[in-house]
Each structure stands twice: as structure tokens, then as C-alpha cells.
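Me: I would like to learn how to read a helical model feature by feature. Can you take me through one?

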Amino acid sequence: MDKRLSLKTDAAENRRPIASRQNRLVIGFVSFLARQPFPTPNQISCISILFAAIGALALLVWPGIYGLVLCAVGIQLRLICNLLDGMVALEGGKKTATGEIFNEFPDRIADTLLIVALGYAINLSWLGWLGALLAALTAYIRVFGGSLGLPQSFRGPMAKQHRMAVFTVACLLGAIESHLWSTQYCLILANSVIAVGSLITCYTRTKDIVTELEHRRSQA
């Protein structure tokens, strides 16, 4: 098999499935970015940390309706960066030798900033740290499976896009809740769902790895 074709196939197997990649507007914007010298895919990955930090800071210092809405916007901008960096790198033909590092590390930093900030915002810092740890473990297990030569598993129930969807909805509902009742039940529930869901995801991904390894051995 041609080496370039093999690398392309491996990249596809180890890529998170996202329907937005087929959107014509997204494809057009990616083509535009790919023709520009800046930002590079790695820079887009780093910008995602900036948006996550803005969202986390808004959650901590401005926890009312406006801060929660700003946090939700920061989360979505972070996810847009996560979509664009890989597309510009692969579809745009600007993949770099360090791309895999920038594809993973900024995600872990962004997740940690947001989820830990959520814990402090609801005065349950331990829950924020627990959620962040378990979120990082889901990614570790996924990449570990890849290191064994298996296709990386992006299954949930609390993969990155699921965590951020729960977080975004909680911020928007929390903004209404804060305005009407000055309570934080939506945020508390979201942090709990993220932690428990991430723990379950760790189990499901580990189970997938075990199943694949046993299947591989049975075929040997």
C-alpha cells in the first residue's frame, strides 16, 4: 500500500466523527484559511485554549446571566477551533510534524480550565477537579488504544462534544435560573453529569480495547 494512502487511512480511523465537516460553509471557510499563511492549524489549536480561558474566567468572576452566556459562547468558539484545526491540517494540506501534539494537548488544557472553573463556580471545587481528571482519562484511554494499534474509540456517553454540549446547555439554562431564582442547580447537575458520564466513558472505552485485543488474539 502506498505510504501516503496508509497515513491518510490511519488519520481517518483516529479522527473524531463530526457531521459539520460536510457542511459547505465550513468547507469553504477551511479552504479560505488553508490559503492564508496565518493562522496555522497549530495556532488554531492554541486559540481554542484562549476561548476556553475566557469562558472559564467569565464563569468565575461574572457568574450571573451575562457571565454564563459568555461562558457558553467561549465553549462553542473553542469547539469551532477544534473543528477547524484538523480540517485545515488535513483537508487543507497543512499537516505538520507536531500536529498530533497540538491536536491533543490544547484539548486537555481547555477541558481542565472549563471543568475546574465550573467546580469553583458552584463552590464544589473537588467535583470540578474530579470531572477534569475523568475527562482527561477518557482521552488517555482513547490514545492508549491507538498506541496498541487499535482504532481510537471516540464513543461516549460523555466524549468531548457531549461534555461541552452538557456544559453549554447548563450555562444557558443556568443564566435563566440565576436571573429568576439566584440558584445554581443547573450548573451543579452539569458538573455531576460530566463526572459520572466521563467515568462511564472510561469503562466503555476500556471495554472496547479489551474486546479488540481478545478478538485480535483469537484471530492470530
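Reply: What follows covers salt bridges, helix packing and backbone geometry, in that order. Keep in mind that this is a predicted model.

Me: Start with charges. How many salt bridges does a search of the whole structure find?

Reply: Side chains of opposite charge can pair when their charged atoms come close. Here the search finds eight salt bridges.

Me: Which residues are linked in a network of salt bridges?

Reply: The network links R78, E104, D107, R108, D111, R142, K160 and R163. Take E104 as the way in. R108 forms a salt bridge with E104, with the closest N and O atoms 2.8 Å apart. R142 also forms a salt bridge with E104, and there the closest N and O atoms are 3.0 Å apart. R142 lies in helix 6 (residues 125-147) and E104 in helix 5, so this pair ties together parts 38 residues apart in sequence.

Me: And how are R108 and E104 separated within helix 5?

Reply: An α-helix has 3.6 residues a turn, so residues three or four places apart point the same way. R108 and E104 are four residues apart in helix 5 (residues 99-121), about one helical turn.

Me: Which residue forms a salt bridge with D111?

Reply: R163 does, with the closest N and O atoms 2.6 Å apart. D111 lies in helix 5 and R163 in helix 7 (residues 160-181), so the pair connects parts 52 residues apart in sequence. D111 counts as buried at 2% relative accessibility. R163 counts as buried at 1%.

Me: Now the helices themselves. What span should helix 5 have, and what does the model give?

Reply: At 1.5 Å a residue, the 23 residues of helix 5 should span 33 Å. Its end C-alpha atoms are 33 Å apart, which agrees.

Me: How do helix 5 and helix 6 cross?

Reply: Two packed helices are described by the angle between their axes and the distance between the axes. The axes of helix 5 and helix 6 come within 6 Å and cross at roughly 160 degrees. That makes helix 5 roughly antiparallel to helix 6. The crossing is right-handed.

Me: Which residues of helix 5 and helix 6 meet?

Reply: On the helix 5 side, they include E104, R108, D111, I115 and G119. On the helix 6 side, they include G128, A132, A135, A139 and R142. G128, A132, A135, A139 and R142 are also among the buried residues of helix 6. What covers the buried residues of helix 6 includes helix 5, helix 7 and helix 8 (185-219).

Me: How does helix 3 lie against helix 5?

Reply: Their axes come within 9 Å and cross at roughly 0 degrees. That makes helix 3 roughly parallel to helix 5.

Me: Where does A52 lie, and with which residues is it in contact?

Reply: A52 lies in helix 3 (residues 41-61). It is buried, at 0% relative accessible area. Leaving aside neighbours within four places in sequence, A52 is in contact with G74, R78, A110 and L114.

Me: Last, the backbone. Which peptide bonds here are cis?

Reply: Most residues other than glycine have a negative phi, and most peptide bonds are trans. A cis peptide bond joins F38 and P39, with omega about 0 degrees. P39 sits in the loop between helix 2 (24-34) and helix 3. The bond from G156 to P157 is cis as well, with omega near 20 degrees. P157 is in the loop between helix 6 and helix 7.

Me: Which residues other than glycine have a positive phi?

Reply: N123 is one, with phi of about 60 degrees. N123 is found in the loop between helix 5 and helix 6, and it is exposed at 67% relative accessible area. S182 is another, with phi near 55 degrees. S182 lies in the loop between helix 7 and helix 8 and counts as exposed at 65%.

How values were computed:
Residues are numbered from 1 along each chain as its sequence is written. This is a predicted model: local features need pLDDT of at least 70, side-chain atom pairs count only at pLDDT 80 or more; totals for chains, interfaces and linings use all residues. Side-chain values use heavy atoms; hydrogens and water are left out. A salt bridge is a side-chain nitrogen of Lys or Arg within 4 Å of a carboxyl oxygen of Asp or Glu. Helices (H or I, at least four residues) and strands (E, at least two) are DSSP runs, numbered from the N terminus. Buried means under 20% relative accessible area, exposed over 50%, partly exposed in between (1.4 Å probe, protein chains only). The expected span of a helix is 1.5 Å times one less than its number of residues. Axes are lines fitted to C-alpha atoms, for helices over the stretch in contact, and angles run from 0 to 180 degrees between N-to-C directions. Angles under 35 degrees count as roughly parallel, over 145 as roughly antiparallel, 65 to 115 as roughly perpendicular and the rest as oblique. A crossing is left-handed if the near helix is turned anticlockwise from the far one by less than a right angle, and right-handed if clockwise. Contact means heavy atoms within 4.5 Å.
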